[in-house]
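Subject: Structure handover and findings

Hello,

Here is the structure, ready to open. My notes on it follow below.

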Amino acid sequence: MHATVANSFDIAIVCAYFALTLLIGYRSRRNATNSAQYLNATRAMPMWVAALSFLAVNLSGMEMIGFSALSAEYGVSALHFYWIGAIPAMIFLALFMVPIYLRSRAQSVPEFLHLRFNSQTRLLNCISMLVASALLAGISLYAMALTLCSFFGWNFFAGTLVGGLLTLIYLILGGLRATIYNELLQLTIVLAGLVPLAILILTASHGIHGLLAPLPVASQHLWREMPLTSHTAPLDQIGVAMGLGFVLSFGYWCTDFRLIQRTLTAQQGREVRMVPLIAAAGKMFVPLLVIVPGLAAFTLLAHAGQEGKLPNYNQALPWMISRYYGHGLFGLGLAAMLAGLISGVAGNVAAFSSLWTQEIYRPYLAQARTEKHYILIGKSSMAVGVILSIAAAFIALRFKNLMDYVQLLFSLFNAPLFAVFLLGMFTRWATPWAGFWGLLIGVFIGIAHQAAVRVGMLSYGSQMSANFYGAIYAWLVSILSIAAISRWTVARDTAEFDGLVCRFEFLSGISRRTRPVFTLALLLAAVCLLLNFWFR
């Protein structure tokens, strides 16, 4: 099968997408009258817009390329990141954590930490999330440069500059509102660009069974060939179930700044709980778009490895697009990848800007300034975020599989944060300083674990397995640290916890208002179990 090279028609399709992206930013600029609307878009979006944005923010180019790379390396096991690694956590977020976010009236994750613990815990979380946002934006920018290098022959630095500049222009024009609406555009283009690819691959392979046939037996199943625990196998059941299915997935979906930010943009309080559930329904079937191309590339990349060439799994999706698409569809597929990549950079840079301006600069450095001043600071921090993301893109060059890098970052920052949230939201005995030290110690343990892996003190069958176990250790140590420190530090008056701790209202019955939420949650859980059983 030949490899398609972009012609003028394909380039015109890509340019049309870029123009539409800038138009969205220009049109959105008039709707933000203060810094909260510009940087957070609080209570500014219809439910369906918030839900689709919630889904789209996790279907950025980083995930498209990363999950295709993941399936090209690990086979069907990549589905764990969608079904056990997403759906249960999204249901938990809707049923338990969203009501607490709403009752607390917190506008963001750091603000909740301030209300439940103290300002020091909030500041520590903001600093760690600033670092994570810059690094994650760098991953998306790296993937964009990789795509431009593959299809247009650009050099890596030029690709990062073009992507960073375009992102900065439309972010400054419209803020988070522009980012959210561009995520909807991105989702539409991704569906249009990748659905035909999945259909072509499945048709050429004579269905899913033909696609899986060339794969090793262990790569054809979710659970059947996976050992319970192993330091030599690429993945094991304990690491997947506990590390991915609980710590990393719940830590990401329930506490990630961008996801909670988009959840809270829904206009009505009752609609906010539906946002992650509607997104979960779409998340259930997204794997067809990104896993199928990776599985098709599995054999080709395996041959490259047998010939002594180190396979770059990040090339799986671009390779499949160039092999299966002719002109026109090729341009649409390329636009889909670039749409997702730009959206990924923009989402993280917007989070960086909001964290700095609303969570650090405003409360700690300049409390009594005009809204115009805070918007100016927000725009300036967007420029800083883009510059940092360009620098961070060169760090991503060290990884042959982007999702290895992404999950490594989550194991360092999200795993201990989930421990703090879990005890903060569901207990009254966790003290303010215990939250601070528990978060700090957990991050330190995660870094120390990864350092031990790098120098050979600890060994695993893959970097992904090391990420899973690193997350488990960081979370567990954080839990134990918070419990121990809470015994020796001053607790807050329990009366101050109203609206900050879960009341388990569902135990007293389901009201007419909440019945659709619980019905959809049960349906999603049943389908998730069925899919795991079907592909076991």
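Before the rest, some ground rules. This is a predicted model, in which local features need pLDDT of at least 70 and side-chain atom pairs count only at pLDDT 80 or more, while totals for chains, interfaces and linings use all residues. Residues are numbered from 1 along each chain as its sequence is written, and side-chain values use heavy atoms, with hydrogens and water left out.

α7 is mostly covered, with 26 of its 34 residues buried. Buried means under 20% relative accessible area, exposed over 50%, and partly exposed in between (1.4 Å probe, protein chains only). Just after α7, G153 takes a positive phi of about 75°. Helix α20 (residues 463-486) is also mostly covered: 18 of its 24 residues are buried. Its 24 residues should span 34 Å at 1.5 Å a residue; the end C-alpha atoms are 34 Å apart, which agrees.

Helix α21

α21 covers residues 515-534.

Cores

The largest nonpolar core has 178 residues. Such a core is a set of buried Ala, Val, Leu, Ile, Met, Phe, Trp, Tyr and Cys residues joined through side-chain atoms within 4.5 Å. Y101, L277, I321 and F421 have the most contacts inside it. Leaving aside neighbours within four places in sequence, I321 is in contact (heavy atoms within 4.5 Å) with F151, L194, L197, F330, G333 and M337. A second, separate core has five residues, including V453, A466, Y469 and I472.

F92 is in helix α5. It is buried, with a relative accessible area of 18%. Not counting residues up to four places away in sequence, F92 touches M97, F250, C254 and F426. F92 and L277 are 185 residues apart in sequence, but 9.6 Å apart in space, C-alpha to C-alpha.

Cavities

There are three cavities of 30 Å³ or more. On a 1 Å grid over the protein atoms alone, a cavity is a set of points where a 1.4 Å probe fits but cannot get out; lining residues have an atom within 4 Å of a point. Points are joined across faces, edges and corners, and a volume is the space filled by probe spheres set on them. The largest cavity has a volume of about 160 Å³. Of its 15 lining residues, F67, Y252, W253, Q407 and F410 lie nearest its centre. α10 gives the most to this lining, with five residues.

Best wishes

Note on methods:
Helices (H or I, at least four residues) and strands (E, at least two) are DSSP runs, numbered from the N terminus. The expected span of a helix is 1.5 Å times one less than its number of residues. On a 1 Å grid over the protein atoms alone, a cavity is a set of points where a 1.4 Å probe fits but cannot get out, and a pocket is an open set with protein on both sides within 12 Å along at least five of seven lines; lining residues have an atom within 4 Å of a point.
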